Amino acid sequence: MLYTIYTSDMPTSRHTMNSTFADDTAIVAVNRSPNMASQHLQDHLCSVGAWLNKWKIKVNHAKSKHVTFTNRTEQCPPIFTDQHQVPQGKTVKYLGMHLDSKLTWREHITNKRKHINCKTRQMYWIIGRNSPLSLENKLLIYKTVLKPVWTYGIELCGCVRKSNIEIIQRYQSKILRTITNAPWYV
């Protein structure tokens, strides 16, 4: 709360949009021209840089990333903060969501699948086929620990391809078969 109050006067621009949650900040510039989008973004970063220096806040350059969200092949020109070029990438993680430059959500689904697999392995002793725990308790653990991993941010995945959704659905079915001790064909 104190950090939010401390940073409440962060500069804004009519050509960009700030998205801030705690100390995670995303600055978005939208324009048909990649050069204009980069120019608007660079102008805003210059004013934010002066503001950061004034309030003695340091940018974590290792976590900063510049992603161009477009279906076109051209990239935006590079941008700089504190004389450091912000590295361009094809994907970025923001608030637990993995966003790729084409917004296909493939990267996000792949990472969620790995995360669910890791959590399932950690909990197999308690939800697995040989666990003495009751079915109701196993399902309760599934709903409170495993299901939130893949449902976090699901509202934003409305345009996900069916093949990407099936990745999660197949693994969900596998986990539920394990919990209920059902055969593989169920």
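The exercises below work through selected features of a predicted model, each with a stepwise solution.

Residues are numbered from 1 along each chain as its sequence is written, and side-chain values use heavy atoms, with hydrogens and water left out. Because the model is predicted, local features need pLDDT of at least 70 and side-chain atom pairs count only at pLDDT 80 or more, whereas totals for chains, interfaces and linings use all residues.

**Exercise 1. Describe how strands β7 and β8 are paired, and what covers β8.**

Step 1. Helices (H or I, at least four residues) and strands (E, at least two) are DSSP runs, numbered from the N terminus, and two strands pair if DSSP finds at least two bridges between them.

Step 2. Strand β7 covers residues 91–94 and strand β8 covers residues 97–100, and the two pair in the antiparallel sense over 4 bridges. In this pairing, Lys93 has His98 of β8 as its bridge partner.

Step 3. The two strands form a hairpin with 2 residues between them, and Leu95 in the turn has a positive phi of about 55°.

Step 4. For burial, the cut-offs are under 20% relative accessible area for buried, over 50% for exposed, and partly exposed in between (1.4 Å probe, protein chains only). Both faces of β8 are covered, with Met97 and Leu99 buried on one side and His98 and Asp100 buried on the other.

**Exercise 2. Characterise the second largest pocket by its volume, its lining and the elements that supply the lining.**

Step 1. On a 1 Å grid over the protein atoms alone, a pocket is an open set of points where a 1.4 Å probe fits, with protein on both sides within 12 Å along at least five of seven lines, and lining residues have an atom within 4 Å of a point. Grid points are joined across faces, edges and corners, and a volume is the space filled by probe spheres set on the points.

Step 2. The volume of the second largest pocket is about 190 Å³.

Step 3. Its lining includes His108, Ile109 and Lys112, as well as Trp150, Tyr152, Ile168 and Gln172. The elements that give two or more residues to this lining are α3 (106–127) and α5 (162–180), and the largest share, 4 residues, comes from α5.

Step 4. The lining residues divide into 8 nonpolar, 3 polar and 1 charged, where Ala, Val, Leu, Ile, Met, Phe, Trp, Tyr, Cys and Pro count as nonpolar, Asp, Glu, Lys and Arg as charged, and the others, Gly among them, as polar.

**Exercise 3. Find the aromatic pairs and state the geometry of each.**

Step 1. Rings of Phe, Tyr and Trp (its six-membered ring) pair if their centres lie within 6.5 Å; planes under 30 degrees apart count as stacked, over 60 as edge-to-face and the rest as tilted. The structure holds 2 such pairs.

Step 2. Tyr6 and Trp55 form an edge-to-face pair, at 5.7 Å centre to centre with 75° between the planes. Tyr6 lies in helix α1 (residues 2–6) and Trp55 in the loop between α2 (34–54) and β3 (66–67), so the pair ties together parts that are 49 residues apart in sequence. Tyr6 counts as partly exposed because its relative accessibility is 38%, and Trp55 likewise counts as partly exposed at 30%.

Step 3. Trp184 and Tyr185 form the other edge-to-face pair, at 5.6 Å centre to centre with 90° between the planes, and both residues are exposed.
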